[in-house]
Amino acid sequence: MITPAFELSQDAESLTIAIRVPYARVSEFEVYFEGVDFKFYAKPYFLRLTLPGRIVENGAEDGSYDVDKGIFTLRMSKETPGQHFEGLNMLTSLLASKKSRSAKPLVEVTGSSEYPVESNEDEEDFDWEIEQSPYEELTENDLNSQCHYGFGNLRTGVFKRLQDELSDVIDVKEPDATPPAERRQQRLAAEHAKFDPDHYLADYFEDEAIRKVLKYKPWWTVVFAKVMASPERNQEQSSQEAFQVSFSKEENYQLLKFTNKSYLLDKRAQYYVYYGLIDVLLAYCYEVRVTEGESNVESPWNIRKLSGTLSWFESWNNVHEILVSFGRRVLCYPLYRHFKLVTKAHVDTVKILQLGRSAILKCLLDIHKIFQENDPAYILNDLYIADYCIWIQKVKSKKLASLAETLQRTYVTKGQLGLEIEELETAALLVQGEEIESEVPQSLRSQQLIGDPAKSGGISSSKTEDLSVDRAKPADCESGKIDSLEENTTPNTDFLELCTKPSIWTCDVGQEKPVSSSESPRVSAPLIIELEEEMETEPRPSQQRETSPVDEDKQPT
């Protein structure tokens with residue numbers, strides 16, 4: 001039997017299923033539906049769905065067949081009018097039978113439930129910190145038993161059979177004999193050896209191409225703006241994502257090809273999976289931005305090289321170390337190596353997570369397609385991406401919202417990357433200033449000092465601003481007060497008002513004093529930095545001298 005292509009839609013009263021069955025024998029077809037079960041048969045097609053809500057036969061149902069397009073359209077009434085059916089675009093999970101909705105992974109599937117569920121994970125909220133255990137000396141047998149990788153660290157021994165493809169896909173030399181701690185040491189050493197100060201400084205000073213890609217708006221930016229502007233933004237996240245994010249016919253076909261699975265993940269493995277998702281999305285966001293949405297032959301290399309999960313089989317312990325690793329790899333490997341690209345990818349990943357499962361799944365499907373068309377990157381689909389595409393369809397929206405919130409209030413600075421780029425920038429700017437001073441005649445330099453002290457340094461104000469990010473002084477708020485950021489309180493960007501110099505500082509109105517980003521990890525630093533970049537691009541009156549926001553703030557009063 002052939003599983004046909006299908007789409008589901010809904011209104012307040014009914015559920016509509018459109019089934020594409022070209023060349024079917026339309027004179028003989030059967031439809032059965034009751035509760036959450038739906039079955040359709042028209043030789044040689046057979047479709048069985050487990051719906052996310054109950055439907056009922058009450059005489060109001062109807063159907064039609066478009067001969068030219070070969071599409072059956074069936075409309076059925078909801079048992080509870082007004083109920084919203086979640087996850088109608090998660091086609092892989094809808095194809096599962098009721099008895100496959102349990103948590104037994106890969107081995108057997110038992111048990112049943114009348115209503116389908118998203119996931120059988122623990123209900124308690126994650127604090128997104130993995131519990132630490134004391135170091136213990138490991139024997140050789142222990143080391144070999146710990147060399148796991150892949151989705152949820154469920155795989156081992158794969159590369160013993162794929163030695164020829166190994167060097168073209170990943171950076172770790174012997175993954176089946178290298179424990180996680182040693183992988184990390186090797187990764188850090190490789191990044192230090194690869195970092196090129198000349199390449200970094202070239203992109204730092206000659207950044208015209210980088211400024212262009214920073215202005216690019218990927219599809220999730222447009223969708224996120226619509227969601228934020230929608231009067232229905234306070235509805236459940238799942239309702240918004242179903243309305244805003246849609247899949248193409250090709251993406252729906254990809255979903256139908258996946259085999260539905262359930263995964264038995266302990267708490268530590270769940271952390272690894274969620275953290276690995278952030279790492280992969282960061283790399284993907286960078287790739288989409290620098291190629292402006294047009295993938296090329298370098299795209300598979302970019303994604304897997306920037307992701308420590310895909311290139312080194314890393315297992316992360318917290319969100320901050322993911323950002324540090326991603327920042328280091330952006331400044332070491334790709335064509336464009338600029339810290340603002342790290343910040344942009346951070347902001348983009350937060351938006352994707354906030355949009356929910358549909359947006360994440362759309363990104364994962366694109367990664368899967370990119371890897372599938374590249375030999376031998378397809379191996380990473382088998383190890384990670386295909387499982388992520390199946391798993392994400394059942395994840396609770398509440399956990400994704402919590403993960404997005406944690407990522408939003410976590411940030412990384414240049415000094416935390418361990419590449420000494422702040423010292424490198426400072427030295428380069430000093431050399432630049434000395435060269436400019438040596439080229440300017442003494443009389444002209446004296447005239448500049450008298451006429452405009454702010455220009456006497458001869459150093460680009462935009463570069464000075466980049467250096468001052470980590471050491472910025474508190475900004476004076478331009479339009480009043482900002483809500484106090486108290487402990488265990490979710491930051492709400494609706495109440496953040498623009499400051500004269502946003503940088504990575506904010507104001508605590510409760511104490512009426514500035515709060516440093518290093519003291520308050522809950523500040524949404526990437527979003528504030530994005531506001532700063534937007535301010536830099538705003539047109540200024542022609543009569544004012546052309547200076548950066550930093551220069552204006554430093555004018556004598």
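The model is predicted, and local features need pLDDT of at least 70, side-chain atom pairs count only at pLDDT 80 or more, and totals for chains, interfaces and linings use all residues. Residues are numbered from 1 along each chain as its sequence is written, and side-chain values use heavy atoms, with hydrogens and water left out.

The protein has 22 helices and eight strands, taken as DSSP runs (helices H or I, at least four residues; strands E, at least two). Of its 557 residues, 49% count as buried, meaning under 20% relative accessible area with a 1.4 Å probe, protein chains only.

Helix α10 (residues 267-290) packs against α16 (residues 378-391) and against α14 (residues 339-355). Axes are lines fitted to C-alpha atoms over the stretch in contact, and angles run from 0 to 180 degrees between N-to-C directions.

| Pair | Angle | Axis distance |
|---|---|---|
| α10 and α16 | about 110 degrees | 12 Å |
| α10 and α14 | about 115 degrees | 8 Å |

α10 and α16 are therefore roughly perpendicular to each other (65 to 115 degrees). Their contact (heavy atoms within 4.5 Å) is made by Y272, V273, Y274, G276, L277 and V280 of α10 and I385, Y388 and W391 of α16. By class, this contact of α10 with α16 has eight nonpolar, one polar and no charged residues; Ala, Val, Leu, Ile, Met, Phe, Trp, Tyr, Cys and Pro count as nonpolar, Asp, Glu, Lys and Arg as charged, and the others, Gly among them, as polar.

On the α14 side, residues of α10 including L277, L281 and R289 meet residues of α14, among them K344, D348 and I352. The contact of α10 with α14 has eleven nonpolar, two polar and three charged residues.

Notes: Angles under 35 degrees count as roughly parallel, over 145 as roughly antiparallel, 65 to 115 as roughly perpendicular and the rest as oblique. Buried means under 20% relative accessible area, exposed over 50%, partly exposed in between (1.4 Å probe, protein chains only).
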